[in-house]
Amino acid sequence: MKKIFLNLLKQPITNSYLTKINNRVIKKEFFYNLSVVYNTDNHLVSLSKPVNPKMQFTDKYAHRASQSLTMLKSFKKISKTLKKRFKPKKALEIGSNDGVFLKNFKKKEIIAVEPCLNLARITKRKGYLTYPEFWTKKLSKKILKKHKGLDLIYSANTICHIPNLKEVFDAISISLNDNGVFVFEDPYIGSVLKMNSYDQFYDEHVHLFSLLSISKLVKKSKLRIFDVDLLNTHGGSIRFYVCKNNSKFNISKRVLNLKTKEIKQGLNKFRTYLKFAKRVKKSKDDLLKLLKKIKLKGKKIISYGASYKSATIFNYCNIGTEFIDYAIDTTKNKQGKFTPGKHIPIKPPNGGIKDNVDYAFLGAWNFVNEIKKKEKFFLKRGGKFICHVPKVKLIGF
Ligand code: DWN
């Protein structure tokens with residue numbers, strides 16, 4: 001049974017950065033009600049009504065995974081580890097974005113799958129065989145006919161975007177060789193509860209995974225989890241290692257340990273999520289209180305990063321240009337546009353935070369260390385970051 005525990009109110013599609021603002025555009029902007037459910041049968045946390053993926057993963061997809069040094073390093077490290085551990089002859093990536101993971105592989109070793117046409121064009125241009133499609137059973141059969149079975153399928157920050165997980169895992173089952181592995185990582189619900197990072201819920205994050213939920217779901221496609229890692233990336237992620245039921249891999253101790261930890265954290269109890277929802281409400285009240293206090297002093301606030309996550313915060317807390325003058329973002333195709341829903345202008349950083357800015361809200365709080373290094377001067381001159389996780393606070397020098 002699915003039980004609602006969180007209502008994040010009316011939200012826009014996070015990828016819908018607006019090119020201009022006028023009455024006609026504002027009238028046409030699409031909103032839906034973002035509420036979140038816990039499934040008592042399989043422990044999966046999901047949006048109650050996912051948006052149609054065709055409205056989200058268009059030929060104008062804005063996010064570029066290679067925009068942060070942290071992620072560049074992380075993808076380099078995991079590709080090295082996977083090559084060493086599994087020695088794949090043929091690999092495939094689901095959701096290859098701008099090729100930040102692919103580039104660590106030789107062109108003939110890896111196949112890319114990416115439904116956003118503008119992104120698929122980037123990896124195609126670089127010479128990688130790219131299927132500009134959604135990951136489905138139909139596509140997996142098409143690929144199998146051409147390339148035989150796969151030794152490794154990898155996916156980062158994509159599987160949690162797909163409403164029909166049975167279809168995803170069935171397609172994996174079709175594609176993998178007998179001892180092939182499927183490794184995927186996504187934001188971890190255990191970290192979201194700990195960090196109070198409710199901004200991990202938005203239209204694209206249809207699910208937030210736990211080991212308890214994924215263990216149950218893969219079983220239905222004759223797959224099993226044999227290893228798991230908890231990661232620091234994106235404010236706390238989980239990486240699953242999945243194989244076919246009859247394959248050679250033994251289950252690592254980490255799997256059993258994490259299951260025990262998740263039960264202790266209450267990830268299998270509805271009341272845990274209800275308590276989280278109360279903390280979310282307090283976070284909203286605290287953030288608004290702080291922003292109002294700062295504005296009363298006549299100070300200037302910007303947002304650091306026009307992230308998809310920050311759209312949830314701005315729309316849920318009703319934060320617009322009365323608080324945040326503008327957002328800065330390194331992603332070229334977000335610059336000159338306006339954030340979805342609250343219409344905050346997005347500018348290029350142009351060498352960092354400007355001298356007349358007093359506070360910067362961390363829209364990209366998951367890269368706080370990278371940003372602090374870049375913005376040493378801002379901090380030294382007394383500038384402060386506003387961060388909403390794990391509690392609303394100021395970060396100074
Ligand atoms: O799953 C998803 C994640 C991985 O990426 C997607 N559904 C969409 C996107 O979500 P996001 O926008 O919340 O992700 P990021 O990577 O946390 O976004 C950070 C934003 O901040 C990017 O637009 C880049 C920008 N940035 C910046 O301007 N200066 C980031 C850094 C580190 C910087 O120094």
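This is a predicted model: local features need pLDDT of at least 70, side-chain atom pairs count only at pLDDT 80 or more; totals for chains, interfaces and linings use all residues.
Biologist: Let us start with the ligand. Which residues come nearest to the ligand?

Modeller: There are 24 residues around the ligand, and those that come nearest are E204, K309, D329, K334 and K374.

Biologist: How far is the side chain of K309 from an oxygen atom of the ligand?

Modeller: An N or O atom in the K309 side chain is 2.6 Å from a ligand oxygen atom.

Biologist: Which elements give two or more residues to the shell?

Modeller: Those elements are α11 (308–317) and α12 (368–374). Helix α12 gives the most, with three residues.

Biologist: K334 was on your list. How far is L18 from K334, in sequence and in space?

Modeller: L18 and K334 are 316 residues apart in sequence, while their C-alpha atoms are 8.9 Å apart in space.

Biologist: Where is L18 found, then?

Modeller: L18 is in the loop between β1 (2–12) and α1 (23–28).

Biologist: Is L18 buried or exposed?

Modeller: L18 counts as buried because its relative accessible area is 8%, under the 20% limit. Beyond four places in sequence, L18 touches V25, E29, K337, F338, T339, P340 and H343.

Biologist: New topic: the core. How many residues does the largest nonpolar core have?

Modeller: The largest nonpolar core has 89 residues, and W135, F169, F182, F201 and F240 have the most contacts inside it. Helix α10 (residues 270–296) supplies the largest share of this core, ten residues.

Biologist: What is F240 in contact with?

Modeller: Leaving aside neighbours within four places in sequence, the contacts of F240 include F182, V183, F184, F209 and L211. There is also a second, separate core of 41 residues, and V183 is included in that one, as are F75, A112 and I302.

Biologist: Now helix α4. Which of its residues are buried?

Modeller: In α4 (residues 117–125), the buried residues are N118, L119, A120, I122 and T123.

Biologist: What do they pack against?

Modeller: The buried residues of α4 pack against β5 (110–113) and β6 (129–131). After α4 comes G127, which has a positive phi near 100°.

Biologist: Which residues have a positive phi although they are not glycine?

Modeller: L9 is one of them, with a phi of about 65°, and N97 is another, with a phi of about 45°. Such values stand out because most residues other than glycine have a negative phi.

Biologist: Where are L9 and N97 found?

Modeller: L9 is in strand β1, whereas N97 is in the loop between β4 (91–94) and β5. L9 is partly exposed, with a relative accessible area of 34%, and N97 is buried at 8%.

Biologist: Which peptide bond is cis?

Modeller: The bond from V389 to P390 is cis, with omega near -15°. P390 lies in the loop between β16 (384–387) and β17 (393–395).

Biologist: Last one: what does the side chain of S35 make a polar contact with?

Modeller: The S35 side chain makes a polar contact with the side chain of S48, at 2.5 Å. S35 is in strand β2 (residues 31–39) and is buried, with a relative accessible area of 8%. Leaving aside neighbours within four places in sequence, S35 is also in contact with residues including I4, L6 and N7.

Technical notes:
Residues are numbered from 1 along each chain as its sequence is written. Side-chain values use heavy atoms; hydrogens and water are left out. Buried means under 20% relative accessible area, exposed over 50%, partly exposed in between (1.4 Å probe, protein chains only). Helices (H or I, at least four residues) and strands (E, at least two) are DSSP runs, numbered from the N terminus. Contact means heavy atoms within 4.5 Å. A residue is near a molecule or strand if one of its heavy atoms lies within 4 Å of it. A polar contact is a pair of N or O atoms within 3.5 Å; within protein, one must be able to donate a hydrogen and the other to accept it, and residues adjacent in sequence count only if both atoms are side-chain atoms. A nonpolar core is a set of buried Ala, Val, Leu, Ile, Met, Phe, Trp, Tyr and Cys residues joined through side-chain atoms within 4.5 Å.
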